[in-house]
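Please have the sequence and the model at hand while reading.

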Amino acid sequence: MQIGAHVRDDDPLTAAKERSADVVQFFLADPQGWKKPVAQPPRADIEAAGVEVFIHSPYIVNVASLNNRIRIPSRKLAAQHAAAAAEIGAKGLIVHGGHVGKGADTAEGLANWRKLFERQAADGGFAVPILIENTAGGDGAMAREMDVLARLWDEVAEFGAGFCLDTCHAFAAGWELGDVVDKVRAITGRIDLLHLNNSRDEFGSGRDRHANVVHGDGTIDPEALVAVAAAAGAPVIVETPADGQADDIAYLREKLG
């Protein structure tokens, strides 16, 4: 099983080596901005390092939004990041499910997700798989409640959408971790990547605050996280405080074999 971490953008390969990670995730641009991504480090350097790479889209991307000033640039940015991710040989682009806002019709956000894939299909599709990530909170969220996630999958499954399961987000959203893998797979048919994060807050809090898997202030039993990883059988990324990532990876490697 591949186990690694979300690492700094300026030198992800050195960060991977420091953590003994065999898979890493990072940003290709400011996660809070609309700037075009830069395809770096070069694909040859990544291949020489022997690590696999996933790219996370900026947090501001919200393709479900009903606001044209957010949705339209979000579509553009998603396509740009997918193209840059492909250029460096990344395995996928993680995109948060997004939301439509308080009191808005969720169905419109679901339709906007479908339009994203339809529009891109007309241009030959995305350059790497789009992995939709579940979220901890947000009004009118597309991937916080299981029933809404099922409706989202009705819209995007035919386009080959992938799924990224985040354990902190799931816990904060009130998803029981004991059977979360089975429930998600019953909806999506797949889990392509696992963000294995502990939570600083209690079950059902709706708060997205990550903690280290071990030796931190997490409220999730580390053994429960190990069980999720074993059941998912997908590459594991810890998006935890940097100082504890090496310990997180070592612990998971020992437990998962």
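Buried means under 20% relative accessible area, exposed over 50%, and partly exposed in between (1.4 Å probe, protein chains only). The model is predicted, so that local features need pLDDT of at least 70 and side-chain atom pairs count only at pLDDT 80 or more, while totals for chains, interfaces and linings use all residues. Residues are numbered from 1 along each chain as its sequence is written, and side-chain values use heavy atoms, with hydrogens and water left out.

**Salt bridges**
- The whole structure holds 13 salt bridges, each being a side-chain nitrogen of Lys or Arg within 4 Å of a carboxyl oxygen of Asp or Glu.
- One of them joins the side chains of D22 and R253 at 3.4 Å, N to O, and this pair links distant parts of the chain, 231 residues apart.
- D22 is partly exposed at a relative accessible area of 25%, and R253 is also partly exposed, at 28%.
- R114 and E118 form a salt bridge with their closest N and O atoms 3.0 Å apart.

**Surroundings of Q25**
- Q25 is buried, with a relative accessible area of 0%.
- The side chain of Q25 makes polar contacts with the side chains of H6 (2.8 Å) and E239 (2.9 Å), where a polar contact is a pair of N or O atoms within 3.5 Å; within protein, one must be able to donate a hydrogen and the other to accept it, and residues adjacent in sequence count only if both atoms are side-chain atoms.

Notes:
Helices (H or I, at least four residues) and strands (E, at least two) are DSSP runs, numbered from the N terminus.
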